[in-house]
Structures are given as C-alpha cells and as structure tokens.
Amino acid sequence: MTAELFKDPAQRIDAHELEVASGTRSYVVAPVLSRRAESDLVRSPAAKLEEAVGLAAAIDLNVVGSAVVTLAEIRPSTYIGKGKVDEIKAIVEDEQVTLVLMDCALSPVQQRNLERAWGAKVIDRTGLILEIFGRRARTREGTLQVELAHLNYQKGRLVRSWTHLERQRGGGGFLGGPGETQIESDRRLLQDRIVKLERELEQVKRTRALHRVSRRKVPYPIVALVGYTNAGKSTLFNRLTRAEVLAEDMLFATLDPTLRALKLPHGTKAILSDTVGFISELPTMLVAAFRATLEEVLEADVILHVRDISHDDTEAQASDVRSILESLGVEASAERAIIEVWNKVDLLDPPAREALLNATRRNGDNRPVVVSAVSGEGIDTLLKRVEAAVAAGRLTLTIDVPPSDGAGLAWLYSNADVMARETDEEGVTRVTVRVAPERADQVRRRFGLTVVDMVEPDDIRRLG
C-alpha cells in the first residue's frame, strides 16, 4: 500500500493491494503444530505443504523452495522460533527470494517482524487466498465480494504502511487542534469504502432474492454442488449439463457461481448450481463476503457434496466442508437431501476401487455415489439418486385427459413431470405426473374431477 493510495478520498481504494506478480521468486513455509487436539482430523505435513504450494501455483508464482516447520508452540512475535527465522533468512538471501508465503494466519505484528527479519514481502494464508480470489473474480458481484473481504483484511494492517504517522494540524491559526493522524484518516477512508461495498452487496442480495422468487413461480428444484476446492465440481457440472465452465487441475479454478438447467431421467427439470470451492482455514471474512453467493446453497433442495476420493486427505477435506456448511446453517432435513459424491474413482487402482465399492454398499440407502466426472462412470446412477431425492418431496397424481383437451395435455408437459402415459380405445389419455406440493392444487383445479387417485411414492420405481 502506498501513501498515494489515500491522498484523494474520492479515489477508489484498490482491493488488490498485494500486487503479487506472476513469476515472483517465492518460498513456501508450512508451520505445523506438533500437538493437535485428538478430535482434529490431522492432515499429513506433506499434504499441507503440497496444498500451500498449489495455492502459490494458482497465481503462477515461481516457487523456488518449500519447507515444513514443526512447532511446539506459536511465538507471539514471529509465529515460528528464532532458529527457523534465521535458517529461512539464509535461504531467502541465497535464492534471492522476494516473497515468502506463510501457510498460517499471521497477526500484523508477526507479519511486520518477519518482513524485517527476511528483507522480503511476507503473505499469510489469508492474504494469499484473497489474492487468488481477486484474480479469479469475473462478475461484478465476485469483484465486490473480494474487495470487501480484502479491505476488512487491510484494516488491521494499516500500521505496516506508515512509519511517520504525523498528525495533520486541524482548525485555523495557531490554536488549531492536533487533527487526526494519517493512519486514522486512512482507516476512515477504508471504513467508508467498506460501508459502500456492503450497501452494493445488499442490493445484489435483494436481486438474488428476486431471482429466487421468479424461479419459485416455475418451481424447478435447485441442486447445488459443494465441495473442497479441486474436488472436480466444475468437471462434474460440465458433464451433467454439457456446459463449458472452466475446469482445470488448479485450486480455485472457478470462483463466480454458475447456474444451468439439468434434465433428470424422467424429464424432471432442475437447476444445477456450481459454487466456489471450500478450503481448510477458509478466512471468516471470505465466508461472510460470499454469503450472498452461498445463499444458493441455503435454498437448494438437493446438495451434492463432491469429494476427491483419490486424495489422501479426503476425510479431512470432507470434515472441513461439513464444518462450513454447518456454519451456514445447512443440514440434511426432510426438505433437503445431502448426497455424497465420491469423484475421481478413475484415479484409483483396481484393488482400491473394489474396496471403495464394497464400503459404499454397507451404507444402505444413504450410501455415497461413486463417479468419475472425466469418464462418465456412475453419472446415470447419480442422476437417478438426485431424481429420487427431488421426488421425495413431491406428489404423484394420475389424471385422465379427454381426447378433446389437447391443450390440457400440453399444459401438463409444461408444468409437471410426466412419468407415464397411456391412451385407451376411446382416446382418453391417462397421465401420471409428479408435481411440487404447492402446485398440486393448481393441477387439480385445471382438471377438476379428472384426478382419480394418488400414487404412492413407492410406486415411482414401478413407473420408472
């Protein structure tokens, strides 16, 4: 951050103050506490370091080295011990490193002290994720959300930007008050910008709410994809909808949410939503900033929790996703189903694949669906599970449509899911349809006494 950034109050505060250039010579440090709570799903240090290097690669940094640092305790001044600080300083000088990535959350004081010790810029995990999000955001909403999170992050670190902190003289003549310090002025400008962004995002939230109301009038069920970053959500999204959303083997390849139509086996239409990927230690300010986007998950009828089943830390990743969903107030209920989708089965060797399939069979009706978004394996089974979950909250009606009411038959195809139809010798068409409970009365009114009976949910399998 530079002094010029805040000289003009009308000037737009740049949310991407970090300005991390691609190709910057970088060194990654992954601190790991030697003692963790027994309830924690402990990731291996190697996996933690690999993820940190992957985050650096996501913005094309030139990682010249990396290391795991084991800590007995966190040091208040530098996070890691003095010996490790000196050891890394030697590496920074030898390798001409200009950026050190600390895979942890640093306080402003720790960040400042490490920069002074190493003579290089230091970014913690939160700052790095914000930098990635800033580069990935494409829509107006995504840009606003990233900027809001970034400014909240900057607010506590303004002390690093000024060394003089001289007071500006207030009032006139010789008796003017001391005025405000430069840092107070900057903090006020940041707060003004934050308030403005929050108002703009509130408008985005209202617009999204209006879109949801419009969708409820033509009530297509919402199916949301959630999961750890790089679990294959976007590849699965493309496979299910034949879309061309960016899907790469990269952390946070997709940031902005995407909605597409999804056609289920019996013709049911649904809306599939691809959301931002989660990650361990996701900054709370990002969860708050992206709440408007994640409200699509809150409104979903079915949530597909996509897991990279080939990853060594798949259980820990799944635990992180569940924790974030719980913090959002999302849980399985009679109105919402959560289906685990075990993706990337194509990366497993035959013995591991067989063991995996045997494990899923023991889970009964709630067993995960094993798929490969790349090869298409298991996709048909997944679609059937989604349709069954959608159908669980819907009513199935059998309607007799006279031959003279061709418009009524067309109306059913437009407003309900037609499960089966047959026409008798007199031209009467008996149609079995599935509708949302709130539309059942509309169907009954449209066809009057031609509704002859209700079909039990178990009969859906027979109709399929």
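First, a caution. This is a predicted model. Please keep that in mind throughout.

Now the overview. The chain has 464 residues, and 49% of them count as buried. It holds 15 helices and 14 strands. How much of the contact in the chain is between residues 24 or more positions apart? Take the contacts with a separation of 6 or more: 71% come from residues 24 or more positions apart.

Next, the six-stranded sheet. It is open, and the order is β6-β7-β5-β8-β9-β10. The pairing is mixed. Which strands stand at the edges? They are β6, residues 258-263, and β10, residues 369-370. Each has a single partner strand, so one side of each has no neighbour in the sheet.

Start at the β6 end. β6 runs antiparallel to β7, residues 269-274, and six bridges join them.

Move along to β8, residues 302-308. Is this strand mostly covered or mostly open? Mostly covered: seven of its seven residues are buried. Look at the two faces. Val 302, Leu 304, Val 306 and Asp 308 point one way. Ile 303, His 305 and Arg 307 point the other way. Note that Asp 308, His 305 and Arg 307 are buried along with the rest.

Helix α7, residues 233-241, lies across β5, β6, β7, β8 and β9. Its direction is at about 160° to β7. Helix α10, residues 314-327, lies across β5, β8 and β9. That one runs at about 150° to β8.

Now to β3, residues 99-102. Leu 99 and Leu 101 point one way from the strand; Val 100 and Met 102 point the other way. All of these are buried. β3 pairs with β1, residues 25-33, in the parallel sense over four bridges. Ser 26 sits opposite Leu 99 there. β3 is also parallel to β4, residues 121-124, again through four bridges. Met 102 has Asp 124 as its bridge partner in β4. How does the chain cross from β3 to β4? Through helix α3, residues 108-118, in a right-handed β-α-β crossover.

On to a helix check. Helix α12 covers residues 379-391. At 1.5 Å a residue, its 13 residues should span 18 Å. The end C-alpha atoms are 18 Å apart, so the two agree. Which residues of α12 are buried? Ile 379, Leu 382, Leu 383, Val 386, Glu 387, Val 390 and Ala 391.

Now the cores. The largest nonpolar core has 41 residues. The members that touch the most others are Leu 101, Leu 128, Val 226, Phe 278, Leu 286, Val 297 and Leu 325. Helix α4, residues 125-136, gives the most to this core, with five residues. Zoom in on Val 297. Beyond its neighbours within four places in sequence, Val 297 contacts Ala 224, Val 226, Thr 275, Ile 303, Leu 325, Val 330 and Arg 336. There is also a second, separate core of 23 residues. Its members include Leu 225, Ala 231, Phe 237 and Leu 382.

Most residues other than glycine have a negative phi. Tyr 79 has a positive phi, near 70°. Tyr 79 lies in the loop between β2 and α2. Gln 96 also has a positive phi, near 55°. Gln 96 is in the loop between α2 and β3. Which is buried and which is exposed? Tyr 79 is buried, at a relative accessible area of 12%. Gln 96 counts as exposed, at 59%.

That's the tour. Over to you.

Terms used. Residues are numbered from 1 along each chain as its sequence is written. This is a predicted model: local features need pLDDT of at least 70, side-chain atom pairs count only at pLDDT 80 or more; totals for chains, interfaces and linings use all residues. Side-chain values use heavy atoms; hydrogens and water are left out. Buried means under 20% relative accessible area, exposed over 50%, partly exposed in between (1.4 Å probe, protein chains only). Helices (H or I, at least four residues) and strands (E, at least two) are DSSP runs, numbered from the N terminus. Two strands pair if DSSP finds at least two bridges between them. A crossover is right-handed if, with the strands pointing away from the viewer, the path from the first strand over the helix to the second runs clockwise. Contact means heavy atoms within 4.5 Å. Axes are lines fitted to C-alpha atoms, for helices over the stretch in contact, and angles run from 0 to 180 degrees between N-to-C directions. The expected span of a helix is 1.5 Å times one less than its number of residues. A nonpolar core is a set of buried Ala, Val, Leu, Ile, Met, Phe, Trp, Tyr and Cys residues joined through side-chain atoms within 4.5 Å.
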